[in-house]
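Good morning, colleagues. Please look at the display as I begin.

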Amino acid sequence: MSIKNKTGIPYYITTPIYYPSAKLHIGHAYCTTIADTLARFKRLAGYDVFFLTGSDEHGQKIQKTAESAGVTPIEYVDKIVASFQELWKRLEISNDDFLRTSEKRHHEVVQEIFRRIRAKGDIYKGEYTGLYCTPCESYWTELQLDENGCCPDCHRPVEKVSEEAYFFKMSKYADAVLKHIEENPDFLEPKSRRNEMINFIKRGLEDLCISRTSFDWGIPVPDDEKHVVYVWFDALSNYLTAIGFLDDPEKFKKFWPADLHLVGKEIVRFHTIIWGCILMALGIELPKKVYGHGWLIVEGDKMSKSKGNVVDPILLIEEFGADAIRYFLLREITLGQDGNFNRDALITRINADLANDLGNLLHRTLNMIDKFQGGILLETSGETELDSEIRSEALKTVEEYYNLMETMQISDAVKTIWTFISRANKYIDETMPWKLAKDESQKQNLANVLYNLAESLRIVGILISPLMPNTARKIHEQLKISEPFEKITIEDAATFGKIEKNHEVGKPEALFPRIEIEKPEPVQKAEKKKSPAKKSEEELISIEDFSKIHLRVVKVVTAEKIPETDSLLKLTVDPGDGDIREIVSGVARYYSPEELVGKNVIVVMNLKPTKIRGVVSQGMILAAGKGNKLEVLTTEMPVGAKVK
């Protein structure tokens with residue numbers, strides 16, 4: 001394969017520094033999860049990654065909110081920033097730095113940038129009279145307002161302000177920034193955002209107001225401390241602060257220009273036009289790429305406190321786990337487009353993709369290795385057409401995944417992994433290891449199949465590590481891979497057969513338990529009296545209803561009475577795929593435990609598990625009864641056969 005580690009190549013990725021909103025929501029988690037996944041992938045591919053996030057803490061809105069709460073601005077933001085850092089910790093965000101704009105190191109950078117651009121003649125003092133949106137910290141002209149005369153970004157009222165201010169000659173750099181965007185199609189993505197910015201610049205750029213005197217929560221302007229630096233001139237400079245613009249020239253040379261600024265589509269203008277003009281004024285190269293992702297929509301509508309549809313990510317993580325949330329956001333939403341967050345869709349993904357597909361593949365594989373080979377992967381020899389196919393598909397998946405991740409097609413990369421997981425599950429059904437285990441002449445084929453399954457899982461664990469780091473680590477540990485998890489690289493996935501022969505695997509542990517959805521009781525309506533014929537007709541079920549019941553032939557492996565009961569037996573049954581389960585059955589008055597052991601019986605496999613006398617029963621054995629007689633239904637059909 002052509003995949004090679006990009007050993008030591010620097011890669012600098014940033015999210016925007018987040019504004020300290022009093023309430024966290026799932027949208028905060030979305031952008032940072034994308035950035036973290038890309039950062040983890042780049043590390044996996046060998047890059048020397050620096051991943052930055054942080055908090056944008058200055059401005060009039062913060063000062064007013066803090067005053068109304070009876071605290072200082074720094075006391076107000078300290079508490080909120082702590083909640084962001086806690087969220088990143090719970091989401092397993094692997095940022096290398098968290099920059100707060102209230103830090104001294106950042107103040108020094110902003111003031112030095114101000115001095116350099118002012119010395120160049122590109123900053124001047126004047127009088128500002130205009131329209132200001134406090135929530136967005138943005139100035140607007142009359143022509144830029146929406147149809148209701150409000151802020152075009154947040155659509156809230158603007159206020160007319162007039163005060164002495166410093167201005168940055170942004171208009172001077174309009175043509176240069178426009179030329180850069182037009183001549184470098186990869187600089188701004190997706191294409192729709194690029195077109196928006198080109199049209200915005202062509203309408204004309206005004207000089208940018210970069211200071212205020214009506215509040216003092218901000219970075220003082222050098223030599224004129226009644227002014228504080230306007231928030232965007234302050235905030236955007238954070239990308240230089242974190243990589244040593246003033247104090248570490250080697251680090252700055254290594255990581256600048258940034259490889260990727262990942263931002264929400266509503267702030268693309270600031271990160272391309274304003275930031276581009278500032279960097280040109282400084283004589284510093286522009287970032288290689290700015291990517292404007294879409295919004296996260298909740299139940300078809302943009303999140304809003306007034307609408308009451310704000311989703312708390314901490315509560316979601318506590319209920320479903322960080323990896324499940326990360327998986328849903330990355331799989332469900334195509335990067336660059338708006339995406340819908342839906343709780344029911346999340347649960348469906350957890351049950352179908354994580355519990356059934358991935359979790360079941362790991363559980364079945366380790367169970368069968370334990371049951372058929374004592375937990376040991378034996379020497380392989382020769383291969384069937386199916387063996388060759390699964391090996392080929394594994395390596396093809398790695399290459400497709402690598403190319404998709406390199407081009408930031410994350411959702412498609414995730415789907416590629418799951419296509420292979422489905423193929424591996426099908427490989428089990430095609431090769432039927434439980435059948436091979438019964439035939440001494442097929443022992444070598446069995447060894448090949450189980451080894452191929454373990455190797456497939458090892459590769460899957462590597463591929464999912466950027467998006468689901470905890471789950472990847474669990475797979476690594478359950479397979480008992482000797483190489484430290486932190487040292488795994490993409491090259492390890494690009495080779496099939498890295499697990500040594502006679503390797504001992506671990507015991508299976510559930511990755512994702514299925515989530516049972518409690519349906520509300522239907523509202524009972526008053527019923528009219530019906531004729532007996534009508535009532536009998538309503539008791540009929542459709543063929544679709546019957547097809548939902550999964551009946552399978554299983555073998556009773558063990559049976560024992562449940563203490564302090566007269567009617568209950570605890571049975572251990574083998575459905576033929578290694579997924580051994582326990583079932584409680586009320587047949588103790590009719591059968592001794594010894595009578596049932598070894599019999600092939602029919603079980604309802606998809607019955608909701610229930611706890612009976614302290615035992616979780618995972619199914620129901622079919623029996624026929626009349627009067628005082630009851631007989632368990634047995635069959636000569638092989639274990640694993642489905643009842644149709």
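I shall start with His155, which sits in the loop that runs between β5 (138–140) and β6 (159–168). Please bear in mind throughout that this is a predicted model.

Most residues other than glycine have a negative phi, and most peptide bonds are trans.

His155 is not a glycine, yet its phi is positive, at about 65°. How accessible is His155? Its relative accessibility is 48%; exposed would require over 50% and buried under 20%, so His155 counts as partly exposed.

My next residue is Asp223, again not a glycine and again with a positive phi, here of about 70°. Asp223 belongs to the loop between β10 (220–221) and β11 (224–229). With a relative accessible area of 74%, Asp223 is exposed.

I now turn to the peptide bonds. Which bond involving Glu189 is cis? It is the bond joining Glu189 and Pro190, for which omega is about -5°. Pro190 is placed in the loop between β7 (188–189) and α6 (191–202).

A further cis peptide bond leads from Trp256 to Pro257, and its omega is near 10°. Where does Pro257 lie? Pro257 is found in the loop between α9 (249–255) and β12 (260–264).

Thank you for your attention.

Note on methods: Residues numbered from 1 in each chain as written. Predicted model: local features only at pLDDT ≥ 70, side-chain atom pairs only at ≥ 80, totals over all residues. Heavy atoms only, no water. Helix = DSSP H or I, 4+ residues; strand = E, 2+ residues; numbered from the N terminus. Buried < 20%, exposed > 50% of the residue type's maximum accessible area, 1.4 Å probe, protein only.
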